[in-house]
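Here is a friendly briefing to read alongside the model. Please keep the sequence and the viewer open as you go.

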Amino acid sequence: MSIQDQPLVVDENLSLKPFPQVPPNAASHTALIIGGGVTGLVTAWVLLDRGYHVTIVSKEWASFTDQQRLTSQIAGALWEYPPAVCGQHTDILSLQKSKRWCMVAYDIWEAIASVPSLSALAGVQMRSSNFFFPCPIEELPAQHRKMQEIESSGVRGFNRSRNSIHKHGIDPRYGAVDAYEHLAPIIDTDRAMEWLMLLVQSKGARFHTDTIAGDLFTQEQDLLHRFSADVLINCTGLSALALAGDKTCYPLRGALIRVLNDGTDFPKVESSLAITADAAQDNEIVFIVPRNDNILLIGGIAQPGRSELDLTLDSPEIKRMRTRAEAFLPGLKHARLDPEYPIAQGLRPAREKNIRVERELRTRGVTMHGREVEEPSRIIHNYGHGGSGWSLSFGCSADVAALVEDVLHNLPASTMRRRQEELVEMEESAEASRAASVVRDAPIRARL
């Protein structure tokens, strides 16, 4: 069954309840997931609701102290239609697939936000998301195409209006002359990570704290045996550099300033406000997002290849980031820093060809019935999301679930590009069969 035959739909094959949609039994297969960030947790959720046993192994879990948080917690976590504001999505195939993945996630985050009690627990809200441009959008071909795609994609509340500039208090001297908005999920990552961890545990996931080092392919059999698993899923983000032997992975350093957003020092910001990298002055981003009821995030930066977490409020790029935001939204000049957590910084897990949702392509020789054959790996990769892990989470995980079925049926592995071609071929064949059926039935209907 193809991926398109297995849509991820709340209350059909994904349950918001604290028990699995399909309870596992003694004969159910076991999935071993490496990585405890949002990608690993959502992948676990999808598989648990399909009746799998799931074990998650991670070297660390979400924390809620003044120590360094997981990348998933530091993320801005504003749902975005790709390419995202940071402008790092360049691979055509990955971008094409991401447009489908993001809409799967949009519908599920929206479903969570639509239940008031669940919205509060999970920290998910639907809010107005606004994008501003220094010229009419038609003069920016890539942004114009993106806007048209968003308008027809199914996102709610789309509206193009220059009135947004005045409505949100944007300083006209900053140069914004065009804008559009739509409703988007905005996620309080601390609250959401805590909720996701509790949810998948309540559905039956087992958590194991351990550091897995080295190429997963070389230790695949040992890991599957150690955790009594049938398939291994790599959701390790930047660690895929070593665990997948993928030298195209690289850190994309980012940072956010956190200020109090209680309406005391400036009018409370209720909507996200952004200027994308390719439309911004000097290619520098403006990214302003309400985190929760009382915190506002100010960003952002995207620094490829920088892996040092040594930024401070006095770092030149952080000073420029705040100056840009204050010039754009003057009320922020009076903003007070969050005294407990004034700056968040982390390393987005980027990759030259962007997201990889694909089976391990290496094979190993085994002896079967007296002859040497190449056996496919039982590893599936789900990494390289950059700054879009929350936006793509459920879409990627639904594809992983389909790949798990391929592994369990001992099908040969395909590259992402070849698998996409196979799916298109299957759809074209099915469409041709439907058309042929209509032609065959036409004389019968005519006689009737």
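A disulfide is defined here as a pair of cysteine sulfur atoms within 2.5 Å, and the structure holds 0 of them.

This is a predicted model, in which local features need pLDDT of at least 70 and side-chain atom pairs count only at pLDDT 80 or more, while totals for chains, interfaces and linings use all residues. Residues are numbered from 1 along each chain as its sequence is written, and side-chain values use heavy atoms, with hydrogens and water left out.

**Confidence and overall make-up**

- The average pLDDT (the predictor's confidence in each residue, from 0 to 100) is 90 for the chain, and 90% of the residues score at least 70.
- Residues 1–5 are a stretch to treat separately: pLDDT stays under 50 there, and the model gives them 10 contacts (heavy atoms within 4.5 Å) beyond four places in sequence.
- The chain has 12 helices and 17 strands; these are DSSP runs, with helices being H or I of at least four residues and strands being E of at least two, numbered from the N terminus.
- The chain has 448 residues, and 56% of them count as buried, where buried means under 20% relative accessible area, exposed means over 50%, and partly exposed lies in between (1.4 Å probe, protein chains only).
- Of the contacts between residues at least 6 apart in sequence, 75% join residues at least 24 apart.

**Helix 1 against helix 7**

- Helix 1 (residues 38–48) and helix 7 (residues 189–202) have axes that come within 10 Å and cross at roughly 35°; axes are lines fitted to C-alpha atoms over the stretch in contact, and angles run from 0 to 180 degrees between N-to-C directions.
- From helix 1, the contact uses Val38, Leu41, Val42, Ala44, Trp45 and Leu48, and from helix 7 it uses Met193, Trp195, Leu196, Met197, Leu199 and Val200.
- By class, the residues of this contact are 12 nonpolar, no polar and no charged; Ala, Val, Leu, Ile, Met, Phe, Trp, Tyr, Cys and Pro count as nonpolar, Asp, Glu, Lys and Arg as charged, and the others, Gly among them, as polar.

**Cysteines**

- Cysteine 235 is buried, at 6% relative accessibility.
- Cysteine 135 is also buried, with a relative accessible area of 14%.

**Backbone geometry in the loops**

- A cis peptide bond links proline 82 to proline 83, with omega near 0°, and proline 83 lies in the loop between helix 2 (71–74) and helix 3 (92–113).
- The loop between helix 2 and helix 3 also holds alanine 77, a residue other than glycine whose phi is positive, near 55°; alanine 77 is buried at 8% relative accessible area.
- Another cis peptide bond runs from glycine 299 to glycine 300, with omega near -5°, and glycine 300 sits in the loop between strand 11 (295–299) and strand 12 (303–304).
- Asparagine 354 has a positive phi of about 65° without being a glycine; it is found in the loop between strand 13 (343–351) and strand 14 (356–359) and counts as buried at 7% relative accessibility.

**A pair separated in sequence**

- Lysine 333 and aspartate 265 are 68 residues apart in sequence, and their C-alpha atoms are 9.0 Å apart in space.
- Lysine 333 is in the loop between helix 10 (316–328) and strand 13, and at 54% relative accessibility lysine 333 counts as exposed.
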